[in-house]
Amino acid sequence: MSGPYVIRGSVSLPEAELMWRFSRSSGPGGQHVNTSDSQVELRFDLAATQALPEMWKRRALERLSGRLVDGVVSVRASEHRSQWRNRETAAVRLAALLAEATAPPPKPRRATRIPRGINERRLREKKQRSDTKRGRSGRDWG
């Protein structure tokens with residue numbers, strides 16, 4: 001494994017709290033592929049972890065509520081043929097998922113008024129366009 005997986009800032013995934021499970025990947029295969037356990041399932045107990053600040057943990061539990069099973073979030077990876085690369089992929093995916101779930105909410109939008117001049121110009125241009133199109137109708141031709 002290549003080092004700690006940083007969620008955000010100085011907070012990273014604790015290796016001791018990660019639960020790994022390996023199984024055979026599904027799909028087409030040839031020699032060796034159906035006999036090696038290359039699919040990786042990575043589980044992280046979000047409800048019981050002490051690695052995340054309390055506010056982040058609350059936010060993540062709320063945002064990931066649809067993905068959690070008894071407070072545990074699970075990520076699978078089976079794109080690569082080697083188990084090691086699938087482990088890397090699963091850990092990076094979990095870190096990215098937690099980073100997104102613990103991010104602070106966006107600042108609320110401040111409502112601003114449209115200046116009167118801009119609105120008047122828009123209506124004037126709209127009227128001119130309408131006159132141009134009305135002039136194209138073939139009523140007085142012919």
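The backbone nitrogen of A51 lies 3.1 Å from a polar atom of the T49 side chain. Such a polar contact is a pair of N or O atoms within 3.5 Å; within protein, one must be able to donate a hydrogen and the other to accept it, and residues adjacent in sequence count only if both atoms are side-chain atoms. This is a predicted model, in which local features need pLDDT of at least 70 and side-chain atom pairs count only at pLDDT 80 or more, while totals for chains, interfaces and linings use all residues. Residues are numbered from 1 along each chain as its sequence is written, and side-chain values use heavy atoms, with hydrogens and water left out.

**Overall build**

- The protein has 3 helices and 5 strands. Helices (H or I, at least four residues) and strands (E, at least two) are DSSP runs, numbered from the N terminus.
- Along the sequence, the pattern is β-β-β-β-α-β-α-α.
- Of the 142 residues, 28% count as buried. Buried means under 20% relative accessible area, exposed over 50%, and partly exposed in between (1.4 Å probe, protein chains only).
- Among contacts in the protein with a separation of 6 or more, 65% join residues 24 or more positions apart. Contact means heavy atoms within 4.5 Å.

- An open sheet is formed by 3 strands in the order 3-4-5, with antiparallel pairing. Two strands pair if DSSP finds at least two bridges between them.
- Strand 3 (18–23) and strand 5 (72–77) are the edge strands, and each pairs on one side only.
- Neighbouring strands of this sheet are turned by 20 degrees against each other on average, direction ignored. Axes are lines fitted to C-alpha atoms, for helices over the stretch in contact, and angles run from 0 to 180 degrees between N-to-C directions.
- Helix 2 (residues 83–102) packs on the sheet and touches strand 3, strand 4 and strand 5. The direction of helix 2 makes about 140 degrees with that of strand 5.
- Strand 4 (residues 39–45) pairs with strand 5 in the antiparallel sense over 6 bridges. Here E41 stands opposite R76 of strand 5.
- Strand 3 also pairs with strand 4 in the antiparallel sense, over 6 bridges. The bridge partner of F22 in strand 4 is V40.
- Strand 4 is largely enclosed by the rest of the structure, because 5 of its 7 residues are buried.

**The nonpolar core**

- The largest nonpolar core has 25 residues. A nonpolar core is a set of buried Ala, Val, Leu, Ile, Met, Phe, Trp, Tyr and Cys residues joined through side-chain atoms within 4.5 Å.
- The residues with the most contacts inside this core are I7, L13, F44, L46, L64, L94 and L98.
- Strand 4, helix 1 (54–63), strand 5 and helix 2 each supply at least two residues of this core. Helix 2 gives the most, with 8 residues.
- Leaving aside neighbours within four places in sequence, L98 is in contact with I7, L13, F44, L46 and L64.

**The loop between strand 4 and helix 1**

- T49 sits in this loop. T49 counts as buried because its relative accessibility is 1%.
- Not counting residues up to four places away in sequence, T49 touches E17, F44 and K57.
- Q50 is found in this loop too. Q50 is exposed, with a relative accessible area of 69%.
- Q50 touches E17 and K57, again not counting residues up to four places away in sequence.

- D70 lies in the loop between helix 1 and strand 5. D70 counts as exposed, at 76% relative accessibility.
- Most residues other than glycine have a negative phi. Phi of D70 is near 55 degrees, a positive value.
- A77 belongs to strand 5. A77 is buried, with a relative accessible area of 1%.
- Leaving aside neighbours within four places in sequence, A77 is in contact with S38, Q39, V40, N86, T89, A90 and R93.
- A77 and L42 are 35 residues apart in sequence and 8.4 Å apart in space, C-alpha to C-alpha.
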